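Please take me through this structure stop by stop, saying what to select and what is found there. Keep it plain.

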Amino acid sequence: MPLPVSDTAPVERRLLRDVVYSRLYDGILDGTLEPGETLLDEKLTAWLGVSRTPIREALMKLADIGLVEMAPNRYTRVAPIDLKAIDEAIYTTGLLHEHAARTIVPGVDNATVTRLDKAQKDVKKAAKARDIPGLGHAFNDFFLELQRAGDNSVLVTVSEGLSPQLLRYISVWQTPFGVEDLAAALAGILAAVKDRDGAKAGDLVRELYAGTLTQFLEDYRRRDSEIAGSPVF
Amino acid sequence: MPVPVTEASSPRRLIRDEVFLRLLDAIVDGDLLPGEQLYDAEIERWVGVSRTPVREALNQLAAMGLVEILPQRRTRVTPIEPPRLRELIVTVGVLVSGIVRDTTPLLTEADRDALRAILEDADRSSIGTGLSSDGFLGVFIRRLDNATIARLLKRHLPEVLRALNAAPSQTAHEKARPAFKALVDAAVAGKADKAARAATDIFDKALVTIADEFAASHKELR
């Protein structure tokens with residue numbers, strides 16, 4: 001019989017990979033690493049002072065959420081800004097948020113309502129101050145708080161995976177949403193949350209995100225003739 | 001300004017991808033069982049490649065939740081955990097239901113024909129194939145043309161499918177059949193919301209029974 005193995009990974013190693021991951025993540029979101037910039041292993045090992053393995057692991061994780069692009073033997077680079085991908089990610093996020101509203105709102109606890117209230121006020125303040133990054137974070141928090149109040153951690157993880165697309169490209173965000181309208185829309189959703197009216201909240205979330213689908217269909221989706229024969233995945 | 005790099009796809013299938021696909025198929029089909037220990041040396045011999053592409057493929061599978069890597073300890077096929085499986089099924093169902101709702105108005109005559117043909121073909125209308133690129137889901141995903149949501153499904157569907165293949169009974173298959181027919185009928189008739197509800201049923205009523213069954217059998221083992 002094999003000896004039992006305890007379920008804890010060596011701490012140093014796991015931490016290292018996570019530290020590298022968050023350094024790179026932040027660097028991409030705040031623009032230190034520019035869109036399209038080539039990421040060379042030797043430069044990253046020099047910058048972060050760690051070996052190649054944790055860097056490769058972190059890069060694969062970042063590739064997974066669309067912040068890095070890897071073409072083996074050709075390049076590894078910061079993903080260029082891609083308006084189509086942003087629109088797609090926001091649309092997808094909308095589906096998850098709508099579901100959260102419909103299923104979680106009817107039984108939501110008061111502590112969550114308080115957190116949503118705060119996030120909505122932050123969105124309003126940021127909109128007034130034209131603090132677009134702050135607005136993006138608060139907007140994102142509003143829905144993530146709602147999702148965390150539910151019991152589906154996979155849904156939360158998938159939503160979190162889509163967040164960086166939203167946050168990174170926040171400056172081009174005015175297209176799908178008007179900044180002022182955003183605070184008002186969240187106020188409406190918050191009112192439905194306070195009434196524990198899941199159907200109403202869900203409809204309002206759907207309305208809020210409907211613009212991204214319209215824009216996708218008008219600006220980004222290929223014509224049917226181009227779609228024919230293309231691979232599904 | 002950074003120089004843009006043109007996309008060129010290499011005709012040569014990379015070794016890493018080859019290893020990845022071999023392992024993926026083995027896990028989804030059940031040749032590698034949930035919880036089974038994976039040894040680098042065995043995989044290297046089995047696929048006939050060196051350690052680096054094996055590790056990269058395993059990392060990719062780990063990101064999909066199919067493999068569990070504890071550095072310097074062990075690597076194994078992720079065991080089926082009923083609570084996580086249930087959450088995953090619901091989450092994938094939310095995405096699929098949304099795709100069905102928003103793609104139904106976009107379906108072409110050829111798509112409607114394809115959906116009808118899939119429904120009539122017993123093999124292709126099984127729920128396993130239904131959720132693959134050859135089945136009904138493929139018709140909707142291709143027509144919507146949203147690469148981000150397609151990538152998410154490509155990543156998460158294998159974990160659902162391997163649980164379906166490992167399921168103790170046929171209950172999920174049986175419960176999915178009427179929902180699947182309802183979906184196709186509604187979509188062909190252009191009824192988006194009705195089709196979306198049927199899609200939700202496939203996940204929330206049929207596929208979740210797999211999670212329930214695994215939960216029950218885990219309880220028995222204890």
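This is a predicted model: local features need pLDDT of at least 70, side-chain atom pairs count only at pLDDT 80 or more; totals for chains, interfaces and linings use all residues.

**Stop 1: α5 of chain B**

Select residues 109-120 of chain B, which form helix α5. The helix has 12 residues, and the distance from its first C-alpha to its last is 17 Å, close to the 16 Å expected at 1.5 Å a residue. Which residues of α5(B) are buried? They are B:Asp111, B:Leu115 and B:Ile118. These residues lie on the same side of α5(B), because they cover an arc of only 65° around the axis. The general rule is that an α-helix has 3.6 residues a turn, so residues three or four places apart point the same way. Now turn to the face of α5(B) directed away from the buried side: the exposed residues there are B:Glu109, B:Ala110, B:Asp113, B:Ala117 and B:Glu120.

**Stop 2: the domains of chain B**

Colour chain B by domain, with 15-77 as domain 1 and 82-221 as domain 2. The C-alpha centres of domain 1 of chain B and domain 2 of chain B are 27 Å apart. In the contact between them, domain 1 of chain B provides 9 residues and domain 2 of chain B provides 7 residues. On the side of domain 1 of chain B that touches domain 2 of chain B, the residues comprise 6 nonpolar, 2 polar and 1 charged.

**Stop 3: where chain B meets chain A**

Show both chains. Their contact takes 35 residues from chain B and 36 residues from chain A. Four helices of chain B, namely α3 (51-63), α4 (82-103), α7 (136-144) and α8 (147-166), each supply at least two residues of the side that touches chain A. Select α4(B) next: with 9 residues, this helix gives the largest share of the side of chain B that touches chain A. By type, the residues of that side of chain B are 16 nonpolar, 9 polar and 10 charged.

**Stop 4: the domains of chain A**

Move to chain A, where the assignment gives domain 1 as 11-78 and domain 2 as 83-220. Between the C-alpha centres of domain 1 of chain A and domain 2 of chain A there are 28 Å. Their contact draws 5 residues from domain 1 of chain A and 6 residues from domain 2 of chain A. The side of domain 1 of chain A that touches domain 2 of chain A has 4 nonpolar residues, 1 polar and no charged.

**Stop 5: the hairpin of chain A**

Select 68-71 and 75-78 of chain A, the strands β1 and β2, which pair in the antiparallel sense over 4 bridges. A:Val68 is placed opposite A:Val78 in β2(A). The hairpin has 3 residues between the strands, and A:Asn73 takes a positive phi near 70°.

**Stop 6: two arginines in loops of chain A**

Select A:Arg130, in the loop between α5 (110-128) and α6 (132-148) of chain A. Its phi is near 55°, a positive value in a residue other than glycine. Is A:Arg130 buried or exposed? A:Arg130 is exposed, with 9 other C-beta atoms within 10 Å.

Finish at A:Arg196, in the loop between α8 (179-194) and α9 (198-220) of chain A. Phi of A:Arg196 is near 55°, again a positive value in a residue other than glycine. A:Arg196 counts as partly exposed, having 13 C-beta neighbours inside 10 Å.

Methods:
Residues are numbered from 1 along each chain as its sequence is written. Chains are lettered from A and ligands numbered from 1 in the order in which they are written. Domain bounds come from an automatic or database domain assignment. Two residues are in contact if their C-beta atoms, placed from the backbone, lie within 7 Å. Ala, Val, Leu, Ile, Met, Phe, Trp, Tyr, Cys and Pro count as nonpolar, Asp, Glu, Lys and Arg as charged, and the others, Gly among them, as polar. Two strands pair if DSSP finds at least two bridges between them. The expected span of a helix is 1.5 Å times one less than its number of residues. A residue is buried if 20 or more other C-beta atoms lie within 10 Å of its own, exposed if 12 or fewer, and partly exposed in between; C-beta atoms are placed from the backbone. The arc is that of the directions from the helix axis to the C-beta atoms.
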